[in-house]
Amino acid sequence: MKRVYFVLLGLATALAFTDHALAADKWTDQQDAIGQLWSGRSPAGNAQNFPVNQCNNWGALPQNVQAASTQTLSGLVVPSVSSQRAVVTNGLRQMAQSLHAYNVAQVAVGNFYPTDNIDGPLNMDHAFWQGAGRSPHGNALDHLPRLNLAGLNNANCPANMNALNRQQIMDALDQLGGISNSQRWHCYSERFSMVGGAAIPLTGYVEFTQIEIPADNQYAYAAADGRIVYDYVNNRVYFTPAHYRQWKKADFAMDMTGNYGCTPGGTCCDPFFKITP
């Protein structure tokens with residue numbers, strides 16, 4: 001009887017590992033990610049008041065929906081999704097909550113990196129943020145709000161920062177006193193503002209790669225297409241699961257128009273979701 005028990009136990013364990021290996025991701029692809037995030041938009045229970053065909057019609061939205069959403073100069077509306085909603089992946093939730101806890105006004109040294117004291121699968125130490133950090137976000141199509149950069153002056157940045165790599169500049173900014181974290185991120189953005197030979201304008205936004213643990217079965221396209229865009233002026237978190245591409249009102253599919261446009265015009269929604277606490 002004991003031998004039968006161990007055989008059955010071994011079979012159950014093998015099946016459990018097989019089921020895990022074959023488990024579908026929380027978001028199966030970009031279209032599914034967009035659809036799930038849209039389904040979790042705020043305010044909860046008001047989906048009928050924010051239909052997808054009004055994602056480019058701010059004036060048609062009721063006041064409670066406007067209060068939970070973001071107007072942009074592009075005419076597109078950025079919906080909000082709470083990081084607490086079940087539709088949000090584990091890595092995105094953890095990264096967003098770390099940034100939500102960030103203090104952009106902090107001047108004291110040793111506080112540049114977002115906190116790693118957030119529950120979740122990721123080890124968000126300094127090396128993590130160095131690996132996730134990307135370039136500034138130019139916001140060329142006004143898919144995000146324009147920010148007031150008054151008070152940010154890159155004359156306060158480290159003199160030799162253009163000679164430093166990502167790890168070195170982030171460590172240097174962490175130990176640079178007398179400036180705010182907003183100014184530190186502005187310096188970082190200046191350092192990495194040349195991409196492919198083109199200068200990206202500094203807009204107050206910086207990009208991070210969405211990090212997920214592969215074995216956690218969350219989003220296989222996170223590294224390629226998941227991008228957090230952080231507003232380091234106002235401490236706000238935005239996210240695109242489809243690498244900045246607009247998506248179709250009709251079926252949540254990515255629009256593949258060049259330069260992140262939309263064809264035909266008026267058939268797409270904003271590429272971003274605002275991730276709130």
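Visitor: Leaving aside its neighbours within four places in sequence, which residues is histidine 100 in contact with?
Guide: In this predicted model, histidine 100 is found in helix α4, which covers residues 90-100. Setting aside neighbours within four places in sequence, the contacts of histidine 100 are Ser83, Asn235, Val237, Ile275, Thr276 and Pro277.

Visitor: Is histidine 100 buried or exposed?
Guide: The relative accessible area of histidine 100 is 18%. Buried means under 20%. Histidine 100 is therefore classed as buried.

Visitor: Where is tyrosine 221 found, and what is its relative accessible area?
Guide: Tyrosine 221 is found in the loop between β7 (205-209) and α8. This residue is partly exposed, and its relative accessible area is 33%.

Visitor: Which residues does tyrosine 221 touch, not counting residues up to four places away in sequence?
Guide: The C-alpha atom of tyrosine 221 is separated by 15 Å from that of alanine 253, 32 residues apart along the chain. With residues up to four places away in sequence not counted, tyrosine 221 touches Thr28, Asp29, Gln30 and Gly226.

Visitor: At the start of α2, which backbone nitrogen does a side-chain oxygen of aspartate 29 reach?
Guide: Helix α2 comprises residues 30-39. At its start, a side-chain oxygen of aspartate 29 comes to within 3.3 Å of a backbone nitrogen, that of glutamine 31.

Visitor: What covers the buried residues of α2?
Guide: The buried residues in α2 are Gln30, Ala33, Ile34, Gly35, Leu37 and Trp38. Their cover includes β3 (80-82), α8 (222-225), β9 (236-240), β10 (247-248) and β12 (273-276).

Visitor: Why is α7 largely enclosed by the rest of the structure?
Guide: The buried residues of α7 are Asn181, Ser182, Gln183, Arg184, Trp185, His186, Cys187, Tyr188 and Ser189. Among the elements that cover them are β4 (133-136), α6, β7 and β8 (227-231). Helix α7 is largely enclosed because the buried residues number 9 of the 11.

Visitor: Are α6 and α7 roughly parallel or roughly antiparallel?
Guide: The axes of α6 (residues 166-174) and α7 (residues 181-191) come within 10 Å and cross at roughly 160°. Angles over 145 degrees count as roughly antiparallel. The relation of α6 to α7 is therefore roughly antiparallel.

Visitor: Which residues of α6 and α7 make the contact, and is the crossing left-handed or right-handed?
Guide: On the α6 side, the contact is made by Arg166, Ile169, Met170 and Leu173. Helix α7 contributes Arg184, Trp185, Cys187, Tyr188 and Arg191. The crossing of α6 past α7 is right-handed.

Visitor: How many residues does the largest nonpolar core have, and how many are in the second, separate core?
Guide: In the largest nonpolar core, the residues with the most contacts inside it are Met95, Trp129, Trp185, Phe208 and Tyr230. Tryptophan 185, leaving aside neighbours within four places in sequence, is in contact with Tyr102, Phe112, Met170, Val206, Phe208, Tyr230 and Tyr232. A second, separate core includes Val78, Leu144, Tyr244 and Phe272.

Visitor: What percentage of the residues of the protein count as buried?
Guide: The protein contains 8 helices and 12 strands, and its C-alpha trace spans about 75 × 45 × 35 Å along the principal axes. Of contacts between residues at least 6 apart in sequence, 66% join residues at least 24 apart. Among the 277 residues of the protein, the share that counts as buried is 47%.

Note on methods:
Residues numbered from 1 in each chain as written. Predicted model: local features only at pLDDT ≥ 70, side-chain atom pairs only at ≥ 80, totals over all residues. Heavy atoms only, no water. Buried < 20%, exposed > 50% of the residue type's maximum accessible area, 1.4 Å probe, protein only. Helix = DSSP H or I, 4+ residues; strand = E, 2+ residues; numbered from the N terminus. Contact = heavy atoms within 4.5 Å. Polar contact = N/O pair within 3.5 Å; in protein donor to acceptor, adjacent residues only side chain to side chain. Core = buried A, V, L, I, M, F, W, Y, C linked by side-chain atoms within 4.5 Å. Axes fitted to C-alpha atoms, helices over the stretch in contact; angles between N-to-C directions. Parallel < 35°, antiparallel > 145°, perpendicular 65-115°, else oblique. Left-handed = near helix turned anticlockwise from the far one by under 90°.
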